[in-house]
Amino acid sequence: MADTVPAFAHGAHPHHEVSFWSKYVFSTDHKMIAMQYMFTGLFMGLIGGYFAYVFRMQLAFPGVAVPGFGLVSPAEYNALVTNHGTIMIFWVAMPVLLAAFGNFLIPLMLGCDDMVFPRINRLSYQLFLLSAIILVISFFVPGGGFGGAWTAYPPLSAKAEYSLTPLGSTLWLVAVTFEFIAFLLGGINFVTTVMNSRAPGMKMYDIPMVVWMIVVASILFMASVGPLIAGAIMLLMDQNLGTAFYDPDRGGDPILWQHLFWFFGHPEVYVVLLPTLGIVAEIITVFARKKLFAYKTVLYTVFGTAVLSFTVWAHHQFVAGIDPRMAHIFTITTLLISIPIAELMFVYIATLYGGSITLTTPMLWALSFIATFLIGGVTGIFLGASGTDIYLHDTYFVLAHFHYTFFPITIIGFFAGITYWFPKMFGRMLDERLGKIHFWGTIIPFNIIFLTLFVVGLGGQHRRIYDYTQFPDLARFQDLRVLATVWLVLMLGFQVVFIYNFFRSMARGEKASNNPWKANTLEWSAASPPPHGNWSELPTAYRGPYEYSVPGREEDYWPQNVPG
Amino acid sequence: MIESLVPAASSYAADIDALFTLIFVFVGFWLILCEGLFFWLIWRFRKKEGARGQYITGELKSETRWITYPHLLVLVCDLFIVVGAVKVWYDVKQYLPPAEETVRIVSQQWAWTFVHAGPDGLLGTTDDITKVNELHVQVDRTYHYKLESTDVLHSFSVPVFRLKQDAVPGRVITGWFRPTQAGEWDIQCAEICGIGHGLMGARIYIETPAQHAAWLMQESPISIAAVTRTRPAEE
Amino acid sequence: MAFARPISTTRSTAGMPTGRLAVWWVIASEVVIFGGLLASYIMHRLAHDAWTAQAAHTNMWIGAFNTLVLLTSSLSAVLAHKAAEEGDGARAAKLLCATIGGGLLFLCVKAFEWTIEITAGFTLQSSTFWSFYYTASGLHAAHIIAGVIILAFVASTARKNLELHRVELIGLYWHFVDVIWIFLFPLLYIAK
Ligand code: HEA
Ligand code: HEA
Ligand code: CUA
Ligand SMILES: [Cu+2]
């Protein structure tokens, strides 16, 4: 067994000097790959945030040159919106939540020295980086970036004569396809590692919830993305080789793409949701000093959500011209999915009961996730009900719904995770006071922006329109648009606090002990930051991850690796 | 709820608004309950000197009850919402009342062409009135629309009707509406269709029978004289 | 920098060697890619009766011959696995070469078949049936090419009696490619 072959444990190697390139660029160490994913994701996040700034300025002050960008043409507006959505989902949420946290946490939480296939892991990152580069290049090619929305419905996306972005559409699609393949490789690695390389003694129900969630998310991604990869190949051929898969004039069908896209698209929203739910589970148990309420129920609920998520896709297509009778089926399945998600929310709230809660920065982020995601979740019900979706489809109500889910998941989830694991990643503590300023400076504007957008959405404002003042019925909401934009600028301003705190603490923050939060999971038994190979002697697990406040023990926590 | 922001001008607009209100009440109840409980727990169980957390696994029957019962209640709420949604959807999208008049709607990058039946009330005859970005309909008259697209996807959306339907190239999609309130409002294209998507608006003119007759007269003075039969203003 | 295999790779909590487990996951993720493509094809096919007439132009005999070739090559992959289990790397390598031969023969036949079809005027753009035909069998052929390259690589290490467990892994993959063909053959050639 593993622990009887210590001969080539990494930690046992004498520390030889490694070059800059093999340490930072071509590293196969899971922690370094996690950092690569995270920093690439954050960089892309800044681009996505910048795009949001530019197009929101255009909406608030149409026709006025945007400081830091200039005049926004209709074509540019479409490209900005499209790439904002694409980047935020595929190049921020996925790499940061799934790949960065997954890579960092899985080996550490399972008590092993690395992923099972370190070189495939590196390849996965390299493909991802390549995809990001292709995407960025696509903004600058003649004709401009792709502007057919992140959903890329054909025929618009299939024919250059319609989209007027011959190169942009193809590069966009190639980038997305590469990104999918990168995450397929990464996912295979995650799943195999979790199945096969747990610390001795770590049984199924001893796996920390965040690891479970990342694994389920990876499998969900794997199972749903295949058809879309096939669909993307067909779309690429339609664009470049003159086939007619999606061309109705020549025997194809544009709706086919919508099915393939949403068959992936809806599971995808849970792919990004699950890692954050996991992160939140870790944080609230630690700072409430509580065992996770009903671990097994949570686990099976997550499986249930994953399965159900394959049955709801056409709720995005109620009015797309599908057979109207189908809407009933998809309304039922969509509303059913409120059950497992409600279950998860109830469990998290129940976990707080009887706790001893300290509101540290990570805890604030984790709690604010629950508070805001609830709003995003319940507004999904209005859309899942086919009757109301006729009106709400493709309005800003949808937009506000999914920002109330995506923002908590991506931005809040990231901040929760990074403030919690920062000591482990960099060996130093973040500044709490700056952290709290940043928290309030982000969470208040966020709510103001998107509550406002719910209202304009109910007022009938549709998506992806670069100037609403030309619509007589919509011009009257201009004040609300300005309000949303002003608060966005404010929110972006507060991100400077975070970036400052982040880099300052990395260099000069207070030194962190191995286990500053008194947490149970295995990563806290390694040094901060963990060396190459993570432990000099790999740990053994003796119990589940959430044994807090166990009666009869002096300490109110009981780490997984402590015998007894 | 929605009427306070957008007038309701079709026969089914009120149903959709009512469904919205119904859902609002149900999920609003749960939202307030969850959030209220949540903030109360944070406050109630804040860290106090000397006090420890409790050890609750959440696996005992007496504990899971707190999840299971609310859960069943959510299921009940879901049922009500489903019934409401199915009913409204059926009326708007699946059921097709007989038409008193039909209008052809052709969408293309980036304009709407509306082919009105004209004075004889029949589509496809010589007195059809073709208008770009202007749809003229009459109050209290049931219309069928035949929606087409010549190039990419578009979406015919009339917020005051609460109506939306995508146009798919290669298909003719039939639906219906019945205006109930005279006035002039926006039609928008609700599906991204390229650079001009943001410009692809039109206006709907909902007219009283008298106004509508005047409009017909103005558009098609010759053929109106040729029409001998008087059209029923209302059914 | 020499690459040391991490301890985690040598663990086996699930009771299956890590490599085999991973190959199963690779296959699972490929199944859904082909599944999506074929499901799209079937849906279209059911909606367009006219496709039957177009499908009549595919050559069932060539398809059947290729099926035979692939099945035979899978057989030698099985035998190679057996040899590898017995520790006979040289024999495994030889059998893998036979599999490679099968793969190459398959590709040659395919090239020949496509040449006939293209000269007869059935190209990628001819109709959506032909688009599907070339896309599905082309994607499959790409998997054969990749398989042949990996087979060659595995055979070269197996000959030196190294990494013999890889013989089984590539065999799994090859069987999978074979099974895909078993689906393509009736869908594209027989259903007329
Ligand atoms: C991660 C992101 C995420 C998440 C988690 C969700 C979650 C849900 N979404 Fe959302 N959605 C998106 C991201 C997300 N969505 C995006 C990006 C789009 C638009 C894409 C585009 O067009 O560009 C979209 C669009 C979208 C539509 C299509 C709208 C349209 O275009 O017309 C629909 C329709 O059904 C929908 C429904 C739902 C539902 C029912 C849930 C459910 O999972 C929510 C379940 C949760 C709860 C219900 C809350 C907890 C429960 C309770 C508090 C109990 C009380 C509840 C009841 C009584 C029911 N979403
Ligand atoms: C994860 C998903 C995600 C996220 C986080 C966001 C974030 C935001 N989005 Fe986005 N949005 C989408 C996904 C997302 N969006 C999608 C899918 C669409 C649809 C696209 C389409 O129609 O095709 C869309 C469309 C969309 C529109 C519609 C445009 C239109 O239809 O015309 C608008 C309009 O206001 C908008 C606004 C915003 C705003 C104000 C934010 C703000 O919350 C932005 C805040 C940004 C930040 C706070 C930056 C992050 C900061 C860091 C990461 C700092 C850390 C850095 C370092 C340490 C180096 N978004
Ligand atoms: Cu037409 Cu948008
Ligand atoms: Cu969905």
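Modeller: Happy to! Please keep in mind that this is a predicted model. Let's begin with the extent of the interface. On one side, 80 residues of chain B take part, and they are in contact with 96 residues of chain A. The area buried between the two chains is about 7,700 Å², with carbon and sulfur atoms giving 69% of it. Within chain B, the residues that lose the most area to chain A are Arg52(B), Tyr55(B) and Trp89(B), which together make up 10% of what that side buries.

Now for the polar side of the interface. There are 31 residue pairs in polar contact between chain B and chain A. The elements of chain B that give two or more residues to this side are α1 (13-44), α2 (61-94), β7 (163-167) and β9 (183-189). Of the side that touches chain A, α2(B) supplies the largest share, with 17 residues. The interface also holds 3 salt bridges. As for salt bridges, the side chains of Asp253(A) and Arg171(B) form one at 3.4 Å, N to O.

And here is the metal site you asked about. His84(A) and His403(A) each use NE2 to coordinate the iron atom of ligand 2, at 1.9 to 2.0 Å. The arrangement is octahedral because the 6 donor atoms around this iron subtend angles of 86 to 178 degrees. His84(A) sits in helix α3 (residues 74-110) of chain A and His403(A) in helix α14 (residues 396-426) of chain A, so the pair ties together parts 319 residues apart in sequence. His84(A) counts as buried, at 11% relative accessibility, and His403(A) is buried with a relative accessible area of 16%.

Terms used: Residues numbered from 1 in each chain as written. Chains lettered and ligands numbered in written order. Predicted model: local features only at pLDDT ≥ 70, side-chain atom pairs only at ≥ 80, totals over all residues. Heavy atoms only, no water. Donors = N, O, S within 2.8 Å, 3.2 Å for Na, K, Ca; no water. Tetrahedral: all angles 85-135°; square planar, octahedral: opposite > 155°, others 65-115°. Helix = DSSP H or I, 4+ residues; strand = E, 2+ residues; numbered from the N terminus. Buried < 20%, exposed > 50% of the residue type's maximum accessible area, 1.4 Å probe, protein only. Contact = heavy atoms within 4.5 Å. Buried area = accessible area lost by both parts, 1.4 Å probe. Salt bridge = Lys/Arg side-chain N within 4 Å of Asp/Glu carboxyl O. Polar contact = N/O pair within 3.5 Å; in protein donor to acceptor, adjacent residues only side chain to side chain.
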